[in-house]
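My notes follow the order in which I looked things up.

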Amino acid sequence: MNTIRIGAVSLAVAVLAACGGGSGGNARGVEVDGAWIRASIPGKDMTAGYMSLRNTGEAADELVGASLPAGVAERTEIHESVAVGDGSPATMGHGDHMSGTNGGSTPPVMEMRRVSRIELPEGKTVRLEPGGYHLMIFGVKEPLEAGRKVEVELRFRHAGTVTVTAEVRTG
Ligand SMILES: [Cu+2]
């Protein structure tokens, strides 16, 4: 009997410790800072969102999804911008016989791709910023003007759903 009681007590302590983690208050283990959305240009219904994510928990987590209120935008994806085509013949756009002495100095082209998640190692800060990871926001219903505040719902594999307020800025 005694051993069972001890087991139950230490389990309770472990649960308390896990819940007491994120002192920032708005996330169990993930703190979100500096969220902003780029003001959209009239006639374009696409824009991007940025922020920094700090995993204050004791284990790795992942950002797996995000969304804006349905009245603001239709769909939000997680994207990554990457430099591609650095000197590869395919990007030259003419002929397929390279002399081989060119040195391959084609400037890299920035391209973005959808990713299913962003890994958040414990104790680390991962930034969503121009030229890197970002939230791609599609189907913006009306132009998002600077100064406006938009609620962004973030879904983490372990920390669950966290809602933050992002400010719309021009850059
Ligand atoms: Cu994108």
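I began with Arg38 and looked up its bridge partner in strand 10, which turns out to be Arg169. I keep in mind throughout that this is a predicted model.

Next I looked at the strands behind that pair: strand 1, residues 30-38, and strand 10, residues 160-169, run parallel and are joined by 3 bridges. Within strand 10, I found Val168 standing opposite Ile37.

I then turned to the other partner of strand 1, and noted that strand 1 and strand 2 run antiparallel, with 6 bridges joining them.

My next stop was Arg148, which I located in the loop between strand 8, residues 133-138, and strand 9. Is Arg148 buried or partly exposed? I wrote down partly exposed, because 14 other C-beta atoms lie within 10 Å, whereas a residue counts as buried at 20 or more and as exposed at 12 or fewer. I also checked Arg148 against Ile37, and although the two are 111 residues apart along the chain, their C-alpha atoms are separated by 9.4 Å.

I then asked which residues have the most contacts inside the largest nonpolar core. That core has 23 residues, and the ones I listed are Val30, Val32, Val152, Leu154, Val162 and Val164. The elements that give two or more residues to this core are strand 1, strand 2, strand 3 (61-67), strand 8, strand 9 and strand 10, and strand 1 gives the most, with 4 residues.

Last, I took down the figures for the chain as a whole. Of the 171 residues, 21% count as buried, and among contacts between residues at least 6 apart in sequence, 71% join residues at least 24 apart.

Technical notes: Residues are numbered from 1 along each chain as its sequence is written. This is a predicted model: local features need pLDDT of at least 70, side-chain atom pairs count only at pLDDT 80 or more; totals for chains, interfaces and linings use all residues. Two strands pair if DSSP finds at least two bridges between them. A nonpolar core is a set of buried Ala, Val, Leu, Ile, Met, Phe, Trp, Tyr and Cys residues joined through C-beta atoms within 7 Å. Two residues are in contact if their C-beta atoms, placed from the backbone, lie within 7 Å.
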